[in-house]
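I opened the notebook to keep a record of what I looked up in this structure. The entries follow the order in which I went through the topics.

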Amino acid sequence: MVKQYNFNAGPSILPQEVIKQTAEAVLNFEGHGLSILEISHRAKYFQPVVDEAEALMKELLGVPEGYRVIFLGGGASLQFCMLPYNLLEKKAAYLNTGVWAKKALKEAKGFGEAVEVASSADKNYTFIPTDYEIPQDADYMHITTNNTIYGTELSDKKLQQIYSKLGKVQLVADMSSDILSRPIDVSKYSIIYGGAQKNLAPAGVTFVIVKEDCLGHVSRQIPTMLNYQTHIDGGSMFNTPPVLPLYSAMLTLRWLKAFGGVEAIEKRNIKKAELLYDAIDSSKIFVGTAEKEDRSRMNVCFVLKPEYQDLQDDFFKFASEKGMVGIKGHRSVGGFRASLYNAMDVEGVEALIACMKEYENRI
Ligand SMILES: *Cc1c(COP(=O)(O)O)cnc(C)c1O
């Protein structure tokens, strides 16, 4: 079998050593003679895993004092409702930049007035809108920093624009698919959340970075399990956490630290994305779908030019035979999507580019 290159959008590639160490822990957890699958999460040797995962998230992202990092179940999708449950008293503002953003907005509507400040839906979410104000009476403003399906990302420049528009309004973000891929100024946010299965861990664990003083201001009763405070007080152990994915998350964080942290991985992510976008832009048959200034470094979406449309299945088959896995675009965009998460190395991207060039030269 040819070497497989994993471009899946999620669940997605993890560092090989994380997968190996996770497999080892399934057989014999850190030499204790038991599988991680069969020990109590209250066992004295599991608590250090949670502590280290929280500490490494804080260290790698530069999380300031006054914030906690918690690990929950339910995925990013549960956060779409948990967040307004805890923060929305009257009104919230949402930037609609894709299907995930829209789903978040939909859930908020059950808790109060949820305003869509701007949307790029009419252009199939190919860009990040900038022409809007943030209502100053909103309890928070919600953004999705990377739009996994459409291959757009809020660049540092666009994030700065949002920060400058906030006024007194607090900012919250879904960072499921670009967390830890670049430095982020956590102090600008009250909540940052995401499913871990894009850049951090196997599916099953959700991270939430919470500014503690943003809690406790809504008048409604919050169910115990949906209250962030419960999980802060319980140190992510109020109930049984997703033990195995949490362990893998800790390993990935260790890997990232050894790699040099988010600044170092950002450099590599920029390089990978530039290589692939350059190949697309200079191709005679492929074309990118997202506006150039809003292109994602994590998810690269491209399609065949109209005159080559009928080659879609043929290229897909060719690429699959060359070991390119998971490059089919999401059904709402079509074409192809290559996800270049942290664990993908430059060699993998070069292999994909070589495959695209080889195909192009044959037709
Ligand atoms: C994948 C994804 C989600 C959904 O995550 P789940 O953990 O499956 O609920 C939400 N938002 C973004 C940006 C995503 O990429």
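**Entry 1: the ligand**

How far is a nitrogen atom of the ligand from an N or O atom in the side chain of Asp174? I read off 2.6 Å for that pair. I note for the rest of the notebook that this is a predicted model, in which local features need pLDDT of at least 70, side-chain atom pairs count only at pLDDT 80 or more, and totals for chains, interfaces and linings use all residues. Residues are numbered from 1 along each chain as its sequence is written, and side-chain values use heavy atoms, with hydrogens and water left out.

I then looked up two further side chains. An oxygen atom of the ligand lies 2.6 Å from an N or O atom in the side chain of Lys198. For Gln197, a polar side-chain atom is 2.9 Å from an oxygen atom of the ligand. A polar contact is a pair of N or O atoms within 3.5 Å; within protein, one must be able to donate a hydrogen and the other to accept it, and residues adjacent in sequence count only if both atoms are side-chain atoms.

Next I asked how much of the ligand is covered. Taken alone, the ligand exposes 390 Å², and the protein buries 88% of that. Accessible areas come from the Shrake-Rupley method with a 1.4 Å probe, and for residues only the protein chains shown count as cover.

How many residues surround the ligand? I found 14, and the closest are Ser77, Thr148, Asp174, Gln197 and Lys198. Near here means that one of a residue's heavy atoms lies within 4 Å. Helix H3 (residues 75–87) gives the largest share of this shell, with four residues. Helices (H or I, at least four residues) and strands (E, at least two) are DSSP runs, numbered from the N terminus. By type, the shell has three nonpolar, nine polar and two charged residues. In this count Ala, Val, Leu, Ile, Met, Phe, Trp, Tyr, Cys and Pro are nonpolar, Asp, Glu, Lys and Arg are charged, and the others, Gly among them, are polar.

**Entry 2: the sheet of seven strands**

I wrote down the strand order of this open sheet as E2-E10-E9-E8-E5-E3-E4, with mixed pairing. Strand E2 (67–72) and strand E4 (113–119) are at the edges with a single partner strand each, so one side of each has no neighbour in the sheet. Neighbouring strands are turned by 20° against each other on average, direction ignored. The axes behind such angles are lines fitted to C-alpha atoms, for helices over the stretch in contact, and angles run from 0 to 180 degrees between N-to-C directions.

I followed strand E8 (residues 170–174) in particular. Four of its five residues are buried, where buried means under 20% relative accessible area, exposed over 50% and partly exposed in between (1.4 Å probe, protein chains only). E8 pairs with strand E5 (residues 140–144) in the parallel sense over five bridges; two strands pair if DSSP finds at least two bridges between them. Leu171 in E8 is the bridge partner of Met141. E8 also pairs with strand E9 (residues 189–195) in the parallel sense, over four bridges, and Leu171 stands opposite Tyr189 there.

At E2 the sense is antiparallel: E2 and strand E10 (residues 206–211) pair over six bridges. Leu72 has Thr206 in E10 as its bridge partner.

**Entry 3: the sheet of three strands**

This open sheet has the order E11-E12-E14, with antiparallel pairing. Its edge strands are E11 (286–288) and E14 (336–339), each pairing on one side only. Strand E12 (residues 299–304) and E14 share four bridges, and Phe302 stands opposite Phe336 in E14.

**Entry 4: single residues**

A cis peptide bond joins Gly10 and Pro11, with omega about -10°. Ser236 is not a glycine, yet its phi is positive, near 65°; Ser236 is buried at 4% relative accessibility. Asn124 has a positive phi near 50° and is partly exposed at 37%.
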